[in-house]
Amino acid sequence: METLALILAGGRGSRLDILSEKRSKPAVPFAGKFRIIDFALSNCTNSGIFQIGILTQYLPLSLNEHIGVGKPWDLDRRDSFVTLLQPSNSWYNGTADAVRKNLEFVKRYGAKYVLILSGDHIYKMDYRKMIEQHKRTGADLTIAAKIIPIEEADRFGILETDSNLRIQKFVEKPKEPKSNKASMGIYVFSTDALIEEIEKHPDIDNLDFGKHIIPDMINNRPVYAYEYYDYWKDVGTYDSYLEANLELCKSDDLDLYDNDWKIYTKSEDLPPVKVGDNATISNSLISNGCKIEGIVRNSVLSPGVVVGKGSTIKNSVILNDVKIGENCHIEETIIDKETRIGSYSVIGTGDDRSPNKDNPKVLSSGINVIGKKLILPEGLIVERNVRIFSSTDPKEIKNKHITTGETIK
């Protein structure tokens, strides 16, 4: 075996608080029929990497059910496997600690290289090109890097390289970044080097690649950047999640229709999309099993969504099996699975875009987020930056006009 892939998929995704209330961030649905982790898994199999370990932790049930034995990604063959690795004695405490707690798994397979991936990014990458550069440069570690706007650099690990792409310096989320070359959280390690570097730090409990392993390796080993110029997005916030979904309606920067690089997923057996006589659909992604009787504009509908007569959906992401009643207006809203929206409801209205009072960091741009398996009453009016958690008892929604910035839970 030349390359073993490890996908870090245990993140809670606190900035996606409602969407990750009952699932880990890699299991969050995306682009209608997919889950976020489908992109890393599909990249692996399209790159000819069929030996994969997935390090899960927070609320793993949804993710485990989705992946199963890996059949959609051709990982159930005799010469391939996908292994779900959950913490046994104690929780993973840092990215490198997660790998440290599974070093016996790494050693067992004796691969020459270990490809370490995040399970919560959206992109299409041929990892073979990165591995070939790793071999060519004689690196012990190669880090995928993307040029980003300098004003966003304080959110990433930032690399400084020489003319040969050898990394001279790495700073995790610098306050005053001197470079806009950001780490994508994609690493190729020579396996011996990875094991040695992790075992050098037995006394650090919260062992992290960005804080501990990478800076130490830069000082002592050949570490190179692999520059990547195509589409890549971290969908760890409501704003980026909604934006990335809606981008798929407008452009082909991330081509989901490329037969040479398919994104695979576990699909449900549902009937075709049904569009009513008075329905209008424009600039949208509509998944299998949807029934549309109203208007859908610039939105993404996951499988099994029903839109009633006279209802309008704009600039929104509606997840699986949501039922929207008649004469509703829904705008700039994310609705989680199996929720029922009563007729004559208006969600996303008014000019007041004051941040969410309870958690202004997660909602401040005007998006509403509604949780899973809720039954919301008819005639409900929801303004902007409102969070309604899955744990909400609908009987507690006594005021049918929820003003901007409110949180219901």
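**Aromatic pairs and a helix contact**

F189 has a relative accessibility of 0% and therefore counts as buried, buried meaning under 20% relative accessible area, exposed over 50% and partly exposed in between, with a 1.4 Å probe and protein chains only. The model before you is predicted: local features need pLDDT of at least 70, side-chain atom pairs count only at pLDDT 80 or more, and totals for chains, interfaces and linings use all residues. Residues are numbered from 1 along each chain as its sequence is written, and side-chain values use heavy atoms, with hydrogens and water left out.

Rings of Phe, Tyr and Trp (its six-membered ring) pair if their centres lie within 6.5 Å; planes under 30 degrees apart are stacked, over 60 edge-to-face, and the rest tilted. F189 belongs to strand β11 (residues 181–190) and F209 to helix α7, 20 residues apart, and the pair links distant parts of the chain. Helices (H or I, at least four residues) and strands (E, at least two) are DSSP runs, numbered from the N terminus.

F209 also takes part in a helix contact. In α6, A193, L194, E197 and I198 meet F209, I213, D216 and M217 of α7, contact meaning heavy atoms within 4.5 Å.

Across the whole structure, a search finds 11 aromatic pairs. In one of them, F105 and Y109 have ring centres 5.1 Å apart and planes at 70 degrees, so the pair is edge-to-face. F105 is buried at 6% relative accessibility, whereas Y109 is partly exposed at 27%.
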